[in-house]
Amino acid sequence: GLAAEAAAVSSFNSKLWLEDTGDGEHWIVCADLEYDSDLLHGIVVLPIRSETDLATMPKIIRPIWPKSGKHNRADVLHDGGYRGLLRTVHGEPIHLIKPLCDLLFLEALELCGIGKVKRTLMYRFVRRYAQKALGQRP
């Protein structure tokens, strides 16, 4: 019922395990990253061997949003959504439109412990400046 839905809380069901590809800019996911999303009403999986570049933004923003930090899980999830890499627990592809992918990022940022002001700024930044066409990033 509604009470059960209201009590639903998003959670990461696994740890993030990355291996550097050696260039300092790209990483490979070494184990499935499972995320239970209240927003999407289910579990999304970023599968093992997915590639990520963590947080990609102009250097001017790095003082408030470094390339790597406690936001890594949200960054990787968002990156996977943009690249069309997210799957259901049964392996079916999940295709998210950009606004939904950006909202998933916002939801995950809160779980990563990013404060309200900072996560709102990060969300607004990706909403406005992140790649407009999903699936077109290398």
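**View A. The open sheet of strands E2, E3 and E6.** In this predicted model, 3 strands form an open sheet in the order E2-E3-E6 with antiparallel pairing, where strands (E, at least two residues) and helices (H or I, at least four) are DSSP runs numbered from the N terminus, and two strands pair if DSSP finds at least two bridges between them. Strand E2 (18–20) and E6 stand at the edges, each with a single partner strand, so one side of each is left without a neighbour in the sheet. Strand E3, residues 27–29, is joined to E6 in the antiparallel sense over 2 bridges, and Trp 27 has Thr 52 as its bridge partner in E6.

Residues are numbered from 1 along each chain as its sequence is written. Because the model is predicted, local features need pLDDT of at least 70 and side-chain atom pairs count only at pLDDT 80 or more, whereas totals for chains, interfaces and linings use all residues, and side-chain values use heavy atoms, with hydrogens and water left out.

View B. The charged end of Arg 73 sits over the ring of Phe 12, 4.2 Å from its centre; a charge is taken to sit over a ring if NZ of Lys or CZ of Arg is within 6 Å of the ring centre and within 35 degrees of the ring normal.

View C. Phe 125 and Tyr 129 both lie in helix H4 (residues 116–129), where they are 4 residues apart, about one turn of the helix. Phe 125 is buried, with a relative accessible area of 16%, whereas Tyr 129, at 53% relative accessibility, counts as exposed.

**View D. Trp 65 and Met 122.** Trp 65 is placed in the loop between strand E6 (51–52) and helix H2 (72–82), and this residue is buried, with a relative accessible area of 4%. The C-alpha atoms of Trp 65 and Met 122 are separated by 7.7 Å, although these residues are 57 residues apart along the chain.

**View E. Two loop residues with positive phi.** His 41, in the loop between strand E4 (33–37) and strand E5 (42–46), has a phi near 60°, a positive value in a residue other than glycine, and is exposed at a relative accessible area of 66%. Arg 49, in the loop between E5 and E6, has a phi near 75°, again positive in a residue other than glycine, and is exposed with a relative accessible area of 65%.

**View F. Cys 30 and Cys 112.** Cys 30 is buried, with a relative accessible area of 15%, and Cys 112 also counts as buried, at 7% relative accessibility. A search of the whole structure finds 0 disulfides, a disulfide being a pair of cysteine sulfur atoms within 2.5 Å.

Definitions and conventions. Buried < 20%, exposed > 50% of the residue type's maximum accessible area, 1.4 Å probe, protein only.
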